[in-house]
Amino acid sequence: AKGSGEDTLKMNSGATAPEWVTVAAAAGGAWTKISQESITSNTANVEFTSLSSDYQDFKVIGSGVVPATDARNLYMRLSVASSFITSSSYRFGFGGHDSDNNEKYVAGNPDSVIYLAGPTAAWGNDPTETGYFDAVVADVHSTSGYTNVLVSTIIRTDNSRANPSFGGGVLDNAAACDGIQIFFDSGDIAVGEFTLYGRQIT
């Protein structure tokens, strides 16, 4: 007999025959893909401006990211009331070691952006110098606390070194955030896949 649309075929407990079973829906806490933007030609920035109240936390993953011009910094800004905050309202720190064992750090206290990679001015623009980052923006709808951002990144720098780094920042504004913007400090994004995920807690 056929199962229903929600059923999965599995072996019975006695391992004597297959049977149809209904699989329970996943509990809260898992990341759900919301949207994706594929950049294939020069684009000034990537913006995600639909942060549904169905999710508490959001994650942006950037894969295969290359700037249009050499030796660039990658930044994030957040929006409040549909307006991206451009004032010095962010605080961040970033650190790591490159493949030549050089310590690399960058910080802002305050600054008008949150860096998404360290060190400064290092993201190479050769098509092979693709970078990856994973940035979690936490509790975006809260109006009682500042918005936190946690980031991990790996790039191949403009001086031919691998540079993994880890950091994060805070938006000093106890207001709900409704948008995420990713961009380089100068020039465009040449290529890259940018995917937004949301996390429910119930």
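## Exercises on strand pairing and backbone geometry

Tyr-132 stands opposite Ile-154 in strand E12. The model is predicted, so that local features need pLDDT of at least 70 and side-chain atom pairs count only at pLDDT 80 or more, while totals for chains, interfaces and linings use all residues. Residues are numbered from 1 along each chain as its sequence is written, and side-chain values use heavy atoms, with hydrogens and water left out.

**Exercise 1.** Determine the order of the strands in the open sheet of 8 strands, and state which of them are the edge strands.

*Solution.* Strands, like helices, are DSSP runs numbered from the N terminus (E, at least two residues, for strands; H or I, at least four, for helices), and two strands pair if DSSP finds at least two bridges between them. With these criteria the order is E3-E15-E5-E11-E12-E13-E8-E9, with antiparallel pairing. The edge strands are E3 (31-39) and E9, each of which pairs on one side only. Neighbouring strands of this sheet are turned by 10° against each other on average, with direction ignored; the axes behind this value are lines fitted to C-alpha atoms (for helices over the stretch in contact), and angles run from 0 to 180 degrees between N-to-C directions.

**Exercise 2.** How many bridges join E3 to E15, E5 to E11, and E11 to E12?

*Solution.* Starting at E3, 8 bridges join this strand to E15 (residues 189-199) in the antiparallel sense, and here Ser-38 stands opposite Glu-193 in E15. Next, E5 (residues 57-67) runs antiparallel to E11 (residues 131-138) and is joined to E11 by 6 bridges, with Val-60 opposite Ala-135 in E11. Finally, E11 and E12 (residues 147-156) pair over 7 bridges, again antiparallel.

**Exercise 3.** Which peptide bond involving Pro-110 is cis, and in which strand is Pro-110 placed?

*Solution.* The cis bond joins Asn-109 and Pro-110, with omega about 0°. Pro-110 has its place in E9 (residues 103-111).

**Exercise 4.** For Asn-101 and Ser-160, what is phi, and is each residue buried, partly exposed or exposed?

*Solution.* Phi of Asn-101 is near 65°, a positive value in a residue other than glycine, and Asn-101 is found in the loop between E8 (90-97) and E9. Buried means under 20% relative accessible area, exposed over 50%, and partly exposed in between (1.4 Å probe, protein chains only); at 59%, Asn-101 is therefore exposed. Ser-160 also has phi near 65° and is likewise a residue other than glycine, but its place is in the loop between E12 and E13 (162-171). With a relative accessible area of 48%, Ser-160 is partly exposed.
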